[in-house]
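Me: I am new to reading structures of this kind, and I would like to go through one slowly. Could you show me the entry we will work from?

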Amino acid sequence: MSGFFVQNVWMIPCLPLAGALIAAVGARRLRESSHVPVVAGIVLAFLVSLGALFSANPEATTVVARWLSISNLEVPIEFRVDGLTTMMLSMVTFVSSLVAIFAAGYMAGDPGYPRFFALIGLFVFSMTGLVLSNNYMLTYVFWEGVGVCSYLLIGYWHTRPAAAAAAMKAFLVNRIGDFGFAIAIFWLWAVVPGHDLSYGNILSESTLGALPEAARVGIPLLLFWAATAKSAQIPLYVWLPDAMEGPTPVSALIHAATMVTAGVYLIARSMPLIALAPGVQVLIAVTGCATALLSASIALTQNDLKRVMAYSTVSQLGYMFMALGAGVSDVAQLAVVAAMFHLFTHAFFKALLFLASGSVMHAMGDVIDMRRFGGLRHRLPFTHLTFAVGGLALAGIFPLAGFFSKDEILLALKSASHSAAGLGWGWVYALIYWVALLTAFMTAFYTARAYFMTFWGPEKLPSPDDPEAPRPEPGPGHGHGDALPHGAGQDENHGHDHGHDHVGQKSPPIMTFPLLILAGCAILAGILFGPTHLFEHHLHATLGFELLGHGEHGFDLATALISTIAGLLGIGLAYRFYASESPVPGQLATRFRPLYEASLNKFSVDEVYDWVVVKTTKALAVVCEFLDIYLVDQLVIGIAKLPRKLGKDLLAGYQNGLIQFYAAVSALGVAVLLFILLLF
Amino acid sequence: MIDVFTLDLLRNYLLAGAALFILGMLGFLSRRNLIVMFLSAEMMLQGTALTLVAFGRYHGNLTGQVFTIVILTVAACEASIALALIVILYNQRSSLDVTLWQDIREEGVPATPQMQEEAEAEPIEPVPGPESYPILTPAGIEPAHPVQPWLERRK
């Protein structure tokens with residue numbers, strides 16, 4: 001039976017792809033039921049993934065087709081069904097199914113309905129392919145595939161300039177990371193025996209032992225470079241908050257639960273390779289820590305509900321990288337398990353939070369600014385409840401999912417600070433441990449702040465006369481004449497049929513049911529898989545896992561207590577500040593004006609990048625344009641003008657209309673040719 | 001032995017072919033009558049054909065002959081088209097003189113003052129030949145062809 005699932009694992013990516021193709025081809029006929037083939041494909045893929053989950057085996061591989069075969073580069077389409085892969089597969093297809101079902105309600109009435117679902121199907125195809133593939137080359141292909149889907153879905157409302165710009169930004173920033181990945185693959189190809197890029201070959205003890213000294217540091221560094229772009233880490237995190245321009249289900253699925261974890265997956269998959277370079281691991285941990293802290297501090301002051309969630313996602317991804325970076329010496333196994341466990345639980349509660357935000361947005365007529373609504377707990381009791389569950393899980397309160405996974409990461413960091421002492425890095429990990437606790441406190445605070453601002457206090461519904469309501473500008477960038485009657489929220493183009501007349505309405509059951517299931521997972525996923533070590537045992541069936549160092553790491557009560565206290569402290573503080581009208585936040589903001597402004601303006605990172613990168617690139621482009629117009633173009637035009645000059649000014653005079661003259665010239669020409677022929 | 005086709009024999013054929021070709025070329029370059037030019041061109045073609053046949057015979061294969069037959073076929077087609085064109089050209093100018101078609105020249109190039117040159121030229125003195133030359137009678141009377149419709153068509 002287990003062989004059956006391993007043999008037929010190709011169905012997992014192909015079923016959603018088939019659904020996407022049906023939705024794309026039959027768009028005209030299916031119209032409002034375009035979601036049916038895609039949802040069916042993803043749900044079937046989930047069922048197959050469940051089967052594969054129980055057949056996980058580090059050595060189980062299946063070759064689907066021959067693909068690249070160029071002299072000494074042999075890359076088949078080969079899938080590996082081990083613990084890490086099946087865990088990711090089940091998580092991805094499960095969350096995708098729920099989000100797709102939610103989107104069927106959320107996107108109803110949108111003119112691009114079939115296109116949306118075709119793209120979702122295509123995304124699930126790429127993502128499952130990414131986690132299934134058994135060599136770096138194929139991973140790279142699907143890596144690009146998810147990037148393309150992300151680009152297309154961020155720019156789904158492509159008539160809106162902001163969405164188009166965000167899509168472009170996401171794509172270009174991701175290209176920077178892809179460049180690192182490509183170089184890593186070239187380097188691997190050059191140094192591994194047999195030029196075989198499969199995981200089985202590269203992550204084996206003999207290959208790893210024989211790697212040249214430079215490659216041991218360089219390749220992990222390049223792989224981490226790739227991961228920083230896809231998983232939104234410093235310095236390439238800037239695309240993720242902007243990616244919220246896409247529809248909310250896309251933000252939930254791609255930019256919170258699945259695609260952004262591809263970088264974490266890549267590092268976890270390559271852990272035996274990464275573990276060769278403890279210096280790179282420290283770098284990973286420091287980067288993750290800095291990202292977590294920075295984005296958490298930005299999230300503290302944002303007023304856009306989705307943007308808070310976006311920065312929270314960046315912060316939680318930073319957590320995962322902290323864990324991966326903590327995998328020195330005997331902590332390696334624990335670190336991978338912690339990172340993947342956090343990835344797993346985070347997918348549930350973050351998707352839940354996003355979908356709940358989407359639900360709020362849907363009810364508020366596409367307004368997402370938290371200052372413009374409040375006290376919705378009576379009007380949207382169901383959304384309120386699910387958001388609360390998601391928020392508690394994110395804040396890491398016992399016994400919800402986030403508590404266990406965050407605790408494991410903190411434990412890994414603490415163990416690393418002891419284990420890495422021999423390498424001289426112990427103090428770094430100790431510092432990261434305390435910063436991580438501080439971040440946990442901030443996480444709890446901003447999550448609770450969003451929750452209280454949205455659901456507590458006096459009830460308030462968005463109206464166009466709010467002081468915070470954006471004024472429609474008649475400038476060229478804002479070409480929407482109907483911006484004012486639609487409230488000009490984040491998704492102003494979306495769903496013209498549920499505009500302002502529906503404000504405050506409840507969501508349909510097709511949207512509440514996925515929320516319910518995700519809330520259940522956010523409560524149970526941690527306690528079911530964490531303390532029982534089910535998750536850990538499953539990951540042990542991963543290729544190369546036994547190569548990682550492991551030791552005894554018991555449950556650390558002190559860490560659990562401190563992190564819970566930090567979480568509760570954050571929530572309590574937010575309750576004091578935001579549950580009812582309170583002057584304290586305003587006073588604090590005035591007292592620490594520079595800090596507040598910096599956080600509100602996202603530390604001006606975008607502006608700095610704009611000056612340093614975008615402006616210089618544009619200047620270079622201007623130089624290139626100049627060269628193109630005045631050098632290359634002139635050269636080409638000059639060559640094109642030459643025959644005309646030659647014919648008009650030199651030879652036209654001989655075209656005198658006398659046949660005999662022409663014949664004589666031809667005869668002379670032949671004579672000259674003959675003469676030359678005889679001469680040489 | 002007729003089968004012995006020596007190099008000397010070949011040279012004779014080639015000389016004959018070359019002579020035909022050169023005569024044709026000189027005729028083409030010097031005559032202004034469209035039909036005579038056409039005939040000269042045909043003569044050049046025949047010179048080439050003769051050369052090809054001779055080479056084919058010399059090498060003992062049929063390639064040259066086959067090629068000649070192809071040339072003849074093409075020449076026949078070409079003749080029909082050329083004659084049709086000549087008829088049309090004649091209809092336009094009522095003359096076969098090719099220099100009347102100078103206006104196909106490039107724009108802005110001055111016309112070659114052929115007519116003026118001709119007018120200034122010395123009249124041709126008939127060269128008195130020997131008495132033994134035959135005196136040909138005028139070639140019959142002009143056939144009664146309807147000139148009128150042609151002239152009308154030109155307008």
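**Reading the two chains**

Reply: Let us begin with chain A, which has 28 helices and two strands, and keep in mind throughout that this is a predicted model.

Me: What scores does the model have, and what is the mean pLDDT of chain B?

Reply: The model scores ipTM 0.76 and pTM 0.76, while chain B has a mean pLDDT of 83, with 76% of its residues at 70 or more.

Me: How does the radius of gyration of chain A fit that of a compact globule?

Reply: A compact globule of 680 residues would have a radius of gyration near 26 Å, and the 29 Å of chain A agrees with this. Along the principal axes, the C-alpha atoms of chain A fill a box of roughly 105 × 70 × 55 Å.

Me: How much area is buried between chain B and chain A?

Reply: The size of an interface is often given as the accessible area lost when the parts come together. Here about 1100 Å² is buried between chain B and chain A, and carbon and sulfur atoms give 69% of that area. Of the area that chain B buries against chain A, B:Leu29, B:Glu106 and B:Val109 supply 39%, more than any other three residues.

Me: Which residues take part in the contact, by number from each chain, and how many salt bridges are there between chain B and chain A?

Reply: The contact takes 16 residues from chain B and eleven residues from chain A. Between the two chains the count of salt bridges is zero, whereas three residue pairs are in polar contact, both residues being at pLDDT 80 or more. On the side of chain B that touches chain A, helix H1 (residues 7-30) of chain B gives the largest share, three residues, and the residues of that side divide into eight nonpolar, four polar and four charged.

Methods: Residues numbered from 1 in each chain as written. Chains lettered and ligands numbered in written order. Predicted model: local features only at pLDDT ≥ 70, side-chain atom pairs only at ≥ 80, totals over all residues. Heavy atoms only, no water. Contact = heavy atoms within 4.5 Å. Buried area = accessible area lost by both parts, 1.4 Å probe. Salt bridge = Lys/Arg side-chain N within 4 Å of Asp/Glu carboxyl O. Polar contact = N/O pair within 3.5 Å; in protein donor to acceptor, adjacent residues only side chain to side chain. Helix = DSSP H or I, 4+ residues; strand = E, 2+ residues; numbered from the N terminus. Nonpolar A, V, L, I, M, F, W, Y, C, P; charged D, E, K, R; others polar. pLDDT = per-residue confidence, 0-100. Rg over C-alpha atoms; globule rule 2.2 N^0.38 Å.
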